[in-house]
Amino acid sequence: MYTLVNFINSAIPFLLLPILTSNLSEAEYGIVDIFNNLSFIFIPIIGLNIVSCVLRFYYDDNIDFNKFLSTVTTTLLICGTIIILAVASFIYSTDVDIINEEIPNSVLLLALLFAFSSQIIEIILGIFRATERPLNYGFVRIVKTGLDLSLSIYCVVVLKLGWEGRIYPAVGVGLLIALLILLYLFHAYNVRLVIKKDYLRIAFKYSTPLIFHSLAGYIISFSDRFIILEFMSAEDVGLYAVAYQVGMIMSFVNNSFNQAWTPYVFSILKGGDLAKIKQLSKFNYFYFLLMIVLALSIFLMVPLIYEWFIDGKFEVDYQIVFWVLLGYAFNGMYKVLVNYLFYYKRTSSLAIITVSAAVCNIVFCILLVPRIGILGASISTTIAFFLMFALVYVYYLKSYKIQKIK
């Protein structure tokens, strides 16, 4: 069910590629991609990543979940509002180009608003995952994406608004859905605008290291755009973004699986049945092989994807797509193992791992992009994702002694 929901949700923006690549210039598509990347980077910052603990602490029997949820929601609203007002004040009081002369300052504020709405929506999505309600989860995801992209098509194709026609609908729809989600939380879960100090301390102890973990993960995925923008141009960002979007088909696959797999792993670990934990261990190795085979299979279809879905002016060396596919294969392997660290609340160790991989990614990207262009960015991404997988795998073996129960 999660795979079907995520297939529909991910297929819509993928099918939008022909429309955007036909109606936007390379530079305009680059601005849209920078907006997307900024949004992802702001997600762990906007609410101090406190939303990340909703799914995990649903499984704690000694927590009053409704009061915990009230604390998380209230903290997110307060932190998000303060950050947005501070950034808006700074942007409208300066004439300096904050990001780059090719990227309007308004994109920064719009990305913050989008990240804020996404975190509110993520609260209810986490609850739906924990309570095993994929239809509710899918309804929220698909309605949001459907409204967003329908308005985007109208604004880009009919009104000819350029990059604004893609970004403004995304922000507007996100804020509308977030408002409806808040009303639902107040009604269905008796959420109130209060903060319980004990729960706030518990939530921050778990989620604060994940700020660095999430931020580092997004840096690995998206910092290459800013390095390309620095050494090359917005047009090159647009070319790379399209190739990356194709390569992220692998991300869709492993994210879809992980939506359902994470609650299942948590429930098995909570039960403590060694036979079932052993089955999880065996499945991990099968999944590793599946990721590699799937990445190679998708790569064979890349020429057809470009021919059928993407305007010719965006075509690049297919090696770029290959490296992105391989990188997200390693990312998929990492995700099935990282659930153990989440369950046992080893978020500090996880933060160290992802920050190390992010630094590696930036260093390799800065070294390779000036020499081999956007191909260097895709290779850097793969190296960073492999490093994350390798470090988590070592920690998985040493900390939980999985090899002893095989």
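This note walks through selected features of a predicted model, point by point.

1. **The second largest pocket.** Start with the space itself. The second largest pocket holds about 190 Å³. Its lining consists of Ile124, Phe128, Asn136, Phe139, Val140, Val143, Lys144, Ile177, Leu180, Ile181 and Tyr184. By class, that lining has nine nonpolar residues, one polar and one charged.

2. Three helices each give at least two residues to the lining of the second largest pocket: helix 5 (106-130), helix 6 (134-158) and helix 7 (163-188). Which helix supplies the largest share of the lining? Helix 6 does, with five residues.

3. **Valine 171.** This residue belongs to helix 7. Is valine 171 buried or exposed? Its relative accessibility is 5%, and buried means under 20%, so valine 171 counts as buried. Beyond its neighbours within four places in sequence, valine 171 is in contact with Phe35, Leu110, Leu113 and Phe114. Valine 171 and glutamate 28 are 143 residues apart in sequence, and their C-alpha atoms are 17 Å apart in space.

4. **Phenylalanine 42.** Look next at helix 2 (residues 26-46), where phenylalanine 42 is placed. Phenylalanine 42 has 13% relative accessibility and therefore counts as buried. Setting aside neighbours within four places in sequence, its contacts are Leu108, Ala111, Leu112 and Ala115. Leucine 135 is 93 residues from phenylalanine 42 along the chain, with 28 Å between the two C-alpha atoms.

5. **Aromatic pairs.** A pair of aromatic rings is described by the distance of the centres and the angle of the planes. The count here comes to 31 aromatic pairs. Tyrosine 58 and phenylalanine 65 form an edge-to-face pair, at 5.3 Å centre to centre and with 90° between the planes. Tyrosine 58 is partly exposed, with a relative accessible area of 34%. Phenylalanine 65, at 14% relative accessibility, counts as buried. Phenylalanine 283 and phenylalanine 286 form a tilted pair, with 6.0 Å between centres and 50° between the planes.

6. Where do phenylalanine 283 and phenylalanine 286 lie? Both are in helix 11 (residues 274-300), three residues apart, which is about one turn of the helix. Phenylalanine 283 has 24% relative accessibility, so this residue counts as partly exposed.

7. **Charges over rings.** Two cases deserve a look. Lysine 196 lies over the face of tyrosine 199, at 4.7 Å from the ring centre. Arginine 225 lies over the face of tyrosine 244, and here the distance from the ring centre is 4.1 Å.

8. **Positive phi values.** Most residues other than glycine have a negative phi. Glutamate 132 has a positive phi, near 55°, and is not a glycine. This residue is found in the loop between helix 5 and helix 6. Glutamate 132 has 63% relative accessibility, over the 50% limit, and so counts as exposed. Asparagine 190 also has a positive phi, of about 55°, although it is not a glycine. Asparagine 190 sits in the loop between helix 7 and helix 8 (197-231). At 44% relative accessibility, asparagine 190 counts as partly exposed.

9. **Aspartate 311.** At 27% relative accessibility, aspartate 311 counts as partly exposed. Which residues does aspartate 311 touch, not counting those up to four places away in sequence? The answer is Thr21 and Ser22. Leucine 85 is 226 residues from aspartate 311 along the chain, and their C-alpha atoms are separated by 39 Å.

Methods: Residues are numbered from 1 along each chain as its sequence is written. This is a predicted model: local features need pLDDT of at least 70, side-chain atom pairs count only at pLDDT 80 or more; totals for chains, interfaces and linings use all residues. Side-chain values use heavy atoms; hydrogens and water are left out. On a 1 Å grid over the protein atoms alone, a cavity is a set of points where a 1.4 Å probe fits but cannot get out, and a pocket is an open set with protein on both sides within 12 Å along at least five of seven lines; lining residues have an atom within 4 Å of a point. Grid points are joined across faces, edges and corners, and a volume is the space filled by probe spheres set on the points. Helices (H or I, at least four residues) and strands (E, at least two) are DSSP runs, numbered from the N terminus. Ala, Val, Leu, Ile, Met, Phe, Trp, Tyr, Cys and Pro count as nonpolar, Asp, Glu, Lys and Arg as charged, and the others, Gly among them, as polar. Buried means under 20% relative accessible area, exposed over 50%, partly exposed in between (1.4 Å probe, protein chains only). Contact means heavy atoms within 4.5 Å. Rings of Phe, Tyr and Trp (its six-membered ring) pair if their centres lie within 6.5 Å; planes under 30 degrees apart count as stacked, over 60 as edge-to-face and the rest as tilted. A charge sits over a ring if NZ of Lys or CZ of Arg is within 6 Å of the ring centre and within 35 degrees of the ring normal.
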